[in-house]
Amino acid sequence: MLRVAIIGCGKIADSHASQIGRIKGCEIVGVYDREPLMAQQLAKRFPIKKAFSSLTQLLDEARPDVVHITTPPQGHFDLAKTCLEYRCHIYVEKPFTVWADEAEKLIAIANERQLKLTVGHDDQFSHVSRRMRSIVRNGFLGGSPVHMESYYCYEISKAGYSGALLGDKKHWVRRLPGKLLQNIISHGIARIAEFLAGDSPEVITYGFTSPLLRSMGETEIIDELRVIIHDVDGTTAYFTFSSQMRPGLHGFRMYGSKNGLMLDQDQETLIKLRGARYKSYAEKFVPPIVLAGQYLGNASLNLKTFLGNDFHMKSGLKFLIESFYRSIIEGTPEPIPYREILLTSRIMEAIFKSLSESVAEPTKDYVREHAATVV
Amino acid sequence: MEHENIIDKNDLVLVTGANGFIGSRVVEGLLELGFQRVRCFARSSKGGNRLEALAKVGGVGSRLEIVSGNLLSPQDCASAATDARVIFHLAAGRGEKSFPDAFMNSVVTTRNLLEAAANNGCLKRFVNISSFSVYSNQHKSHGKLLDESCPVEQSPALRGEAYCFAKVEQEQIVLEYATRRGIPYAIVRPGQVYGPGNEGITGRVGIGTFGIFLHLGGSNTIPLTYVDNCANAIILAGIKHGADGQIFNVVDDDLPSSRKFLRLYKRHVRSFPSLYVPHVMSYALCYLWEKYSEWSHDQLPPVFNRRRWHTYWKSTRYSNEKLKKRVGWMPKVRTEDGLKLFFESCRVRRASA
C-alpha cells in the first residue's frame with residue numbers, strides 16, 4: 001500500500017484527494033496546511049487518516065512514500081526539497097517552481113537520491129490528449145511539428161478566485177514574478193514544450209493589461225499574453241493567453257509537413273486535419289462532411305467513455321497520478337520527462353523576465369510598453 | 001427603549017461585510033438608531049461606493065469609520081476588533097462552489113475575528129450571521145414547522161453544497177469560542193434575503209440549470225425576509241438584552257408560496273417558460289442523482305441529493321416568534337410591499353443590463 005500525504009489544503013487539494021481515492025493500492029495517511037483548520041476540513045471530508053499541524057510531524061509520524069504539494073507556488077521549492085530530504089517522492093502542482101534554477105536543483109536532488117518527481121500538468125493526460133499523443137507518435141504529422149498553437153484562456157470575473165485577486169492588493173498571486181500568468185499558463189506552455197526538440201528556444205513575448213482590467217483600476221496584472229517560440233530545428237509555436245477573448249479556449253493545434261491535428265480540451269474533441277487537398281470543387285464539399293463525421297465520432301466516443309464511468313472532470317489528474325505511482329512502484333519512466341519540466345520552467349521564466357523588463361522601461365505607446373524580445 | 005440595549009450609543013460597533021447586500025443596510029440601520037461610532041470593515045476600499053456615499057450624508061461622516069482589510073489576516077482582524085463592543089459579523093464566502101474556498105472565507109476568517117475579539121476583552125456580543133441552509137429539515141419535533149429548535153445538518157459535506165458546509169462549521173467555531181474563551185454571542189439565521197441588490201430567483205422556487213426553468217417549490221412557503229427587515233433583526237440581536245447565547249430565525253410575515261412568487265415574478269419582471277416538477281418526482285430525481293454520483297465516484301458531482309431536497313424543496317412552515325418575543329422585532333416592510341420593491345428593482349436591472 002503506497003502511503004500518500006498532501007501538503008496544502010486549498011481548492012486543488014480537493015481534486016487530488018478525490019482522485020487518489022479512486023486509485024487502488026494507495027491511502028492518504030496525512031495532510032498538512034499552515035492553517036490547521038484547512039487541514040482539518042480536508043480530513044473531515046475525505047478518507048484521510050490524520051490532519052497534522054506541522055510539516056515535520058507529518059513527515060516523521062505519517063512516513064509517506066509520496067507527497068503531493070498543492071500549496072501556492074512560492075512554497076513549492078522549500079517544501080519539495082524538505083520532502084526529498086525525507087526520502088519522499090513528490091508530485092508538485094503547477095507551476096513546478098517559481099524559478100527555473102529551482103526546478104533544476106529539485107531534479108538534481110531527486111536524481112541523486114533516486115527518488116521520483118512530477119508536476120501537475122494533468123491536462124496533458126486527459127483522454128483527448130492521450131489520443132493526440134498516440135496519433136503523433138504513429139507519424140500522422142509526417143515528422144516533427146512545423147508549427148504549433150496553444151491557447152490557454154481564463155475568464156476573469158468579479159466572483160471567486162479572480163474576484164479575490166482583483167480586490168486584494170496583497171494576494172499571493174501578485175507576489176509571483178509572473179503574477180496571474182505564472183499561476184495559470186504552465187498547462188498551455190507545457191503542451192508546446194512536450195514537442196520541442198531543443199533546450200533553449202527563442203521566446204518573443206508581448207503582453208498587456210486588458211482594457212477591462214484597466215477600467216477597473218488594475219495596473220499590475222497582465223491578462224493578455226501572446227508568445228512566439230522558435231526552436232533550434234525550425235519548429236515554431238504561438239501561445240495565447242487571454243482573459244477577454246470568447247470563447248475562452250483551452251486548445252492545441254499541431255501542423256506537420258503532412259497533416260495537422262486540432263485538440264479542444266473543453267469539448268474533448270480531436271480533429272485530424274488532412275494535408276492533401278481534394279481536386280477542384282470537391283475541396284469545398286468533401287472536407288466539411290469528413291469533419292462533421294469526425295465531430296460525430298468524438299461525441300460518440302465521449303458518450304461511450306461517460307457511460308463507461310471514466311469521464312470525470314479530472315480524469316487526466318487521475319491518470320497522471322496513477323502513472324506516477326506506477327513509475328515509483330515498478331521503476332518505469334516518469335509520466336512527464338524531466339527535460340519537459342525544465343523546458344516549461346525556462347520558457348515561462350523567459351516570458352516573465354521579458355515582461356518585467358519591458359514594464360521597467362515604459363515608452364509612450366501603451367502596447368509597446370509591454371512588448372519585448374528575448375533570445 | 002435605551003435601557004434595553006446592552007451598549008451605549010457612543011460605544012464602538014464593528015460591522016464586517018459592511019459593503020455587502022445586508023451589511024450596508026445594517027450600517028444604515030445603526031446610524032438611524034443614533035449610534036455614534038460605527039466601524040465598517042470591507043474587503044476592498046474599491047467598490048465601497050455605498051458606504052462612501054453614506055459617509056457624505058450630513059453629520060454621518062464623523063460617525064462612520066471605513067476600514068479596508070482582509071479577515072484572513074489576524075493583524076487586520078486585531079485592528080478591526082479593537083475597542084469594539086458589539087461585532088456584527090456578516091462577511092462570508094458566499095457564492096463559492098469550492099469547499100475549501102467557502103470554508104476559508106467563512107470559518108478561518110471567523111476564527112481570526114473571534115480570536116481578535118477574545119484578546120480585545122471588551123466585547124459585549126458577537127453576532128454571527130448564519131443561514132437557514134444549516135438546518136437539515138429532517139426529524140423536526142413539530143411536524144412541518146421549522147424553528148430554532150430544529151436539528152442542524154450533522155454531515156454538512158454530504159449536502160454537496162459548499163456554503164452549507166462552511167456555515168455549519170462557522171457556527172461550530174463560534175460555539176467553541178463561546179465555551180473556551182467566553183465570547184458572548186448570538187446567532188442569526190436569515191431565510192431567503194431578498195430586495196434591491198439581490199435580483200435572482202431563489203433556488204427554493206426552482207432552478208434553470210438544465211435549459212428550462214424547473215419549478216420545484218410548488219405550493220411550498222418560501223421563507224423570504226426583506227433585506228431591511230433582516231438588517232433590523234440583526235441589529236436587535238446585537239444590541240438587545242435577552243439575546244445572549246440565542247439563535248434567531250429571520251423570516252417575514254405573510255409569506256408567499258413558491259407558485260405565487262413565480263407567478264408574480266413573471267407578471268411584473270419577465271415572462272419565461274417553466275416546467276412544474278411535483279415533489280415526488282423531484283425527490284426521486286434527487287435520489288437517483290445521489291445514487292449515481294456515489295456509484296460513479298462523482299463523475300456527476302452530488303449537487304442534487306436527498307439532503308438538499310429536504311432543505312430546499314420539502315413543504316415546510318416557518319416561525320419568527322422567538323425574534324418577536326425576545327428582542328421585539330417586527331418586519332417594518334410588509335411582504336406585499338417588499339415584493340413590489342424587489343420586482344421593480346429586477347425590472348430596472350434588466351433594463352440596464
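This tour moves through the structure stop by stop, saying what to select and what is found there.

The model is predicted, and for that reason local features are given at pLDDT of at least 70 and side-chain atom pairs at pLDDT 80 or more, while totals for chains, interfaces and linings use all residues. Residues are numbered from 1 along each chain as its sequence is written, chains are lettered from A and ligands numbered from 1 in the order in which they are written, and side-chain values use heavy atoms, with hydrogens and water left out.

**The sheet of chain A**

Begin by selecting the open sheet of chain A, in which six strands follow the order β3-β2-β1-β4-β5-β6 with parallel pairing. Strands here are DSSP runs of E with at least two residues, helices are runs of H or I with at least four, and both are numbered from the N terminus; two strands pair if DSSP finds at least two bridges between them. The edges of this sheet are β3 (51-52) and β6 (117-119) of chain A, each of which pairs on one side only. Next, select residues 66-69 and 89-92 of chain A, which are β4 and β5, paired in the parallel sense over four bridges; within this pair, His68(A) stands opposite Tyr91(A).

**Helices of chain A**

Axes are lines fitted to C-alpha atoms, for helices over the stretch in contact, with angles from 0 to 180 degrees between N-to-C directions; contact means heavy atoms within 4.5 Å.

Then select α4 (residues 76-85) and α5 (residues 100-112) of chain A, whose axes come within 10 Å and cross at roughly 5 degrees. The helices α4(A) and α5(A) are therefore roughly parallel, a term that covers angles under 35 degrees. On the α4(A) side the contact is made by Phe77(A), Ala80(A), Lys81(A) and Leu84(A), and on the α5(A) side by Glu102(A), Lys105(A), Leu106(A), Ile109(A) and Ala110(A).

**Backbone details in chain A**

Follow α5 of chain A into the loop between α5 and β6, where Gln114(A) lies; phi of Gln114(A) is near 55 degrees, a positive value in a residue other than glycine. Pro95(A) is in the loop between β5 and α5 of chain A, and the peptide bond that joins Lys94(A) to Pro95(A) is cis, with omega near -10 degrees. Another cis peptide bond runs from Arg246(A) to Pro247(A), with omega near 0 degrees, and Pro247(A) is placed in the loop between β10 (236-242) and β11 (250-255) of chain A.

**The largest cavity**

Return to Pro95(A), which is among the residues nearest the centre of the largest cavity, together with Phe96(A), Thr97(A), Ser345(A) and Met348(A), in a lining of 16 residues. Helix α13 (residues 338-360) of chain A gives the most to this lining, with six residues. On a 1 Å grid over the protein atoms alone, a cavity is a set of points where a 1.4 Å probe fits but cannot get out, and lining residues have an atom within 4 Å of a point.

**A pocket in chain B**

Finally, select Gly29(B), Glu32(B), Leu33(B), Asn232(B) and Lys332(B), which lie nearest the centre of the second largest pocket, among its 20 lining residues. A pocket is an open set of grid points with protein on both sides within 12 Å along at least five of seven lines. Helices α1 (23-32) and α6 (227-239) of chain B each supply at least two lining residues, and the largest share, seven residues, comes from α6(B).

Terms used
Parallel < 35°, antiparallel > 145°, perpendicular 65-115°, else oblique.
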